[in-house]
Amino acid sequence: MPALKPLEVGVMFWAGRPALETVREVKGLGVICGQLGVAGNTPLDLATAASWKAALEQEDFTLVTVFAAYNGEDYADAPTVQRTVGFIPPATRAERLKRTFELSDWGKALGVKSIACHIGFVPEDHTHPDYLAVREMVRLVCDYAAANGQTFALETGQEPAHVLLDFFKDVNRANLRINFDPANMILYGTGDPIEALQVLAPHVISVHAKDGKWPPKDVPGSLGTEYPLGQGDVGMERFVAKLKEIGYTNPMNIEREVPDHQQRLRDIAGGVELLHRLRA
Ligand code: MG
């Protein structure tokens, strides 16, 4: 694996197509590292793990994180996220816990040292049954990942930074970390991303470089809109400057969720260029 420079530019991309083809396409964007998202219906068998491991080695590509998404998740609006995402929905907790364990094992087979996911909206009330159940699930995932030599990172954005930090401390596991996504703070209207980054700084192991605009104030429950890097409200210049200031040196993984694949590739390529410029 090649040595990664401080603030190496990476890409958040998804499994589901042949591994070698996927890694080559991502490398074609001008990066040598990234994070791999795994949808809930993507097989996590030994054959898939072997083909990914071979593709990463052949292409000299470093995977810093494997990200879990789960069957049944829907990001349409805030109430839908609340109802469907992460560890919050009671009906899918057992199945998603099992799936996260499987992802940890699968990541280990690929040599990946960090797993991550959205756990959903954590309630602020520490006595709420959902709070207690999710805290227990996060502890179980941390312990499972620790046995696999991995950290477990929580994706930011669905709650204000101080709520996430309180929860983080309450979970109290040495291998718990944060995957910081500045755009999510804006899309969910949970606070200024640069201030949030300062609050969470000691625990951030990975970041998404994503951009977006605030939700409309007159539509309750609506989410903001994602934009290509540099065109939203994050302020990529101050984001990168803040990463440098807090001493963050791990990769900046460009995330762009847009249905059209070619547009997604174009937007990411533009993001790679922007981050290379800002990193210099
Ligand atoms: Mg993200």
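Q: Quick one on V207: buried or exposed?
A: V207 is buried, at 0% relative accessible area. Buried means under 20% relative accessible area, exposed over 50% and partly exposed in between, using a 1.4 Å probe and protein chains only.

Q: What kind of model and numbering is this?
A: The model is predicted: local features need pLDDT of at least 70, side-chain atom pairs count only at pLDDT 80 or more, and totals for chains, interfaces and linings use all residues. Residues are numbered from 1 along each chain as its sequence is written, and side-chain values use heavy atoms, with hydrogens and water left out.

Q: Which strand holds V207?
A: V207 is in β7, residues 204-209. Strands (E, at least two residues) and helices (H or I, at least four) are DSSP runs, numbered from the N terminus.

Q: What does V207 touch, beyond its neighbours within four places in sequence?
A: V207 is in contact with Q35, N179, F180, F239, L243, Y248, P251, M252 and N253. Contact means heavy atoms within 4.5 Å.

Q: And how far is V207 from V134?
A: They are 23 Å apart in space, C-alpha to C-alpha, and 73 residues apart in sequence.

Q: Switching to D181. Where is that?
A: D181 is in the loop between β6 (176-180) and α7 (182-187).

Q: Why does D181 count as buried?
A: Because its relative accessibility is 0%.

Q: What does the D181 side chain reach?
A: The backbone nitrogen of N184, at 3.2 Å. A polar contact is a pair of N or O atoms within 3.5 Å; within protein, one must be able to donate a hydrogen and the other to accept it, and residues adjacent in sequence count only if both atoms are side-chain atoms.

Q: What about β4?
A: S114 and A116 point one way from β4, I115 and C117 the other, and all are buried.

Q: How many bridges join β4 to β5?
A: 4 bridges, and the strands run parallel. Two strands pair if DSSP finds at least two bridges between them. A116 stands opposite A153, and I115 has F152 as its bridge partner.

Q: What pairs with β4 over 3 bridges?
A: β3, in the parallel sense. There A68 has C117 as its bridge partner.

Q: Back to β5. How is β6 joined to it?
A: By 4 bridges, running parallel. The chain crosses from β5 through α6 (residues 161-171) to β6, and this β-α-β crossover is right-handed. Right-handed means that, with the strands pointing away from the viewer, the path from the first strand over the helix to the second runs clockwise.

Q: Which bridge partner does E155 have in β6?
A: N179.
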